[in-house]
Amino acid sequence: MSEEEFSCSPERKTQNPEQLNKHQSPGMAELLRVLLSVSEKAANVARVCRQEAALFELLVQEKTGPDKNKKFVQDFKTLADVLIQEMIRHDVCAQFPELAGFIYGEESNKFENGLGESVTVTVCAREEDTTALLAKVLDGDQTAASLLTKAIHQDLQVKDEGAESLQLDLSPTDVGIWIDPIDGTSQYIEGKEEEMTDEGFCSSGLPCALVLIGAYLRSTGEPVMGVINQPFNHKDSTGKGWVGQHFWGVSYGGVNACSFPNPKLSLGKKRDALSVVLSSSERQVVKDALTPLCNCHLTYASGAGYKILCVILGLVDVYVLSEASTYKWDSCAPHAVLRALGGGVSDMGACLSATSNGNKSFKSELTYHTPQAGCQGVDKWANQGGLVAYLDLAVLDRVVGALVGKI
């Protein structure tokens with residue numbers, strides 16, 4: 001199925017993992033367990049890199065050329081990004097060698113040290129070899145290299161009863177994986193220690209930085225499994241360190257399971273006014289069109305993954321983006337979680353086009369298996385039509401109705 005074709009599958013009832021058929025293959029349950037564990041290792045790496053300010057300054061490199069994200073004046077990659085991506089690739093392939101060549105990420109693993117030397121960052125089988133490689137990246141800083149190596153090579157296992165009991169009639173050989181090692185890189189680099197509101201919402205700062213790992217069907221591009229790790233959810237009891245949290249969701253073949261209750265079940269009566277989250281850089285014409293839907297109050301937050309997480313948790317009704325400034329690695333993981341809850345992430349441009357042509361039934365959900373023809377660099381994996389992330393299909397209809405003919 002090409003990116004121009006549309007998924008029109010109906011909403012499905014979310015099930016608890018305990019209710020799933022026990023006779024099915026356990027392969028995907030083990031993959032989910034591995035993804036949860038490696039996401040927590042990734043979160044630890046992100047926290048370690050923020051704990052040492054001098055170290056963090058060494059890690060920042062500016063993206064240039066075809067890998068530069070046009071959304072920001074300066075878009076950064078960090079050694080933490082590259083390490084997390086390569087660690088995930090290494091750990092997943094160690095358990096699932098059949099996935100080698102089907103794990104994709106945002107970052108190039110080429111890193112330039114202070115001497116102008118280009119180093120290919122990989123995770124080695126032996127800790128001492130990883131330390132030696134990182135020391136070369138870090139201009140001989142053995143202390144920093146050892147600290148990072150310890151975080152990368154730790155044997156960390158996340159226990160999640162729901163994930164362990166999940167049974168899914170799907171083989172890991174049928175999927176590919178998208179990694180966003182640190183979504184919301186600018187918030188991670190700035191390092192503002194914003195705390196959540198009582199409702200759980202945070203408009204900017206470290207809580208907006210997420211680790212995203214999503215699996216999709218190689219045949220159709222449909223997202224089927226997502227893991228979201230939030231390394232900086234709240235401060236620990238000392239007030240000095242951070243404590244994280246993770247979420248997961250699976251949606252395939254009539255099976256829908258996730259790690260938390262469906263927020264739609266607690267929303268009660270549908271509200272007339274919608275809560276809409278946008279990027280602060282969203283076009284004014286979009287803001288003007290959506291304002292009547294939400295009683296003249298629009299919400300803004302940083303990080304594409306975090307804005308979709310806000311929809312997942314029921315903190316907002318919908319996330320709308322009109323430009324091609326997000327990518328497959330941004331949306332794959334949270335899209336899978338939304339599907340497990342009966343929602344989705346749709347191509348806004350395709351929805352508007354279909355509605356303009358009199359077809360209002362298309363959901364036009366994003367797919368993840370084919371690059372955009374005629375594009376180079378990161379642009380070939382951009383969500384070219386923008387996106388709408390929603391829990392309730394009726395919300396998608398209202399948003400598209402408000403925007404059609406306006407943009």
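The legends below describe several close-up views of one predicted model.

In this predicted model, local features need pLDDT of at least 70 and side-chain atom pairs count only at pLDDT 80 or more, whereas totals for chains, interfaces and linings use all residues. Residues are numbered from 1 along each chain as its sequence is written, and side-chain values use heavy atoms, with hydrogens and water left out.

**View 1. The chain as a whole, with its twelve helices and 15 strands.** Helices (H or I, at least four residues) and strands (E, at least two) are DSSP runs numbered from the N terminus. Of the 407 residues in the chain, 57% are buried, where buried means under 20% relative accessible area, exposed means over 50% and partly exposed lies in between, with a 1.4 Å probe and protein chains only. Among the contacts in the chain with a separation of 6 or more, 72% come from residues 24 or more positions apart, a contact being heavy atoms within 4.5 Å.

**View 2. Helix H1 against helix H3.** Helix H3 spans residues 79-95 and reaches 24 Å from its first C-alpha to its last, close to the 24 Å expected at 1.5 Å a residue; the expected span is 1.5 Å times one less than the number of residues. In H3, 13 of its 17 residues are buried. The axes of H1 and H3 are 10 Å apart and the two helices pack at an angle of about 155°, axes being lines fitted to C-alpha atoms, for helices over the stretch in contact, with angles from 0 to 180 degrees between N-to-C directions. H1 and H3 are therefore roughly antiparallel to each other, a label for angles over 145 degrees, while those under 35 count as roughly parallel, 65 to 115 as roughly perpendicular and the rest as oblique. On the H1 side the contact includes Glu 30, Leu 31 and Val 34, and on the H3 side it includes Ala 80, Ile 84 and Met 87. The residues of this contact divide into 13 nonpolar, one polar and three charged, where Ala, Val, Leu, Ile, Met, Phe, Trp, Tyr, Cys and Pro count as nonpolar, Asp, Glu, Lys and Arg as charged, and the others, Gly among them, as polar.

**View 3. Helix H1 against helix H5.** The axes of H1 and H5 (residues 142-153) come within 8 Å and cross at roughly 160°, which makes H1 roughly antiparallel to H5. Lys 41, Val 45, Val 48 and Cys 49 of H1 meet Leu 147, Leu 148, Ala 151, Ile 152 and His 153 of H5, and the residues of this contact comprise seven nonpolar, one polar and one charged.

**View 4. Ser 37 within helix H1.** Ser 37 lies in H1, which runs over residues 27-51, and Ser 37 counts as buried because its relative accessibility is 6%. Apart from neighbours within four places in sequence, Ser 37 is in contact with Leu 156, Gln 157 and Val 158.

**View 5. Helix H9 and the residue Gly 314.** In H9 (residues 304-312), nine of its nine residues are buried, among them Tyr 306, Lys 307 and Cys 310. Just after H9, Gly 314 takes a positive phi of about 75°.

**View 6. Thr 370 in a loop.** Thr 370 sits in the loop between helix H11 (348-356) and strand E15 (387-390), and Thr 370 is partly exposed, with a relative accessible area of 25%. The C-alpha atoms of Thr 370 and Ser 219 are separated by 9.9 Å, although these residues are 151 residues apart along the chain.
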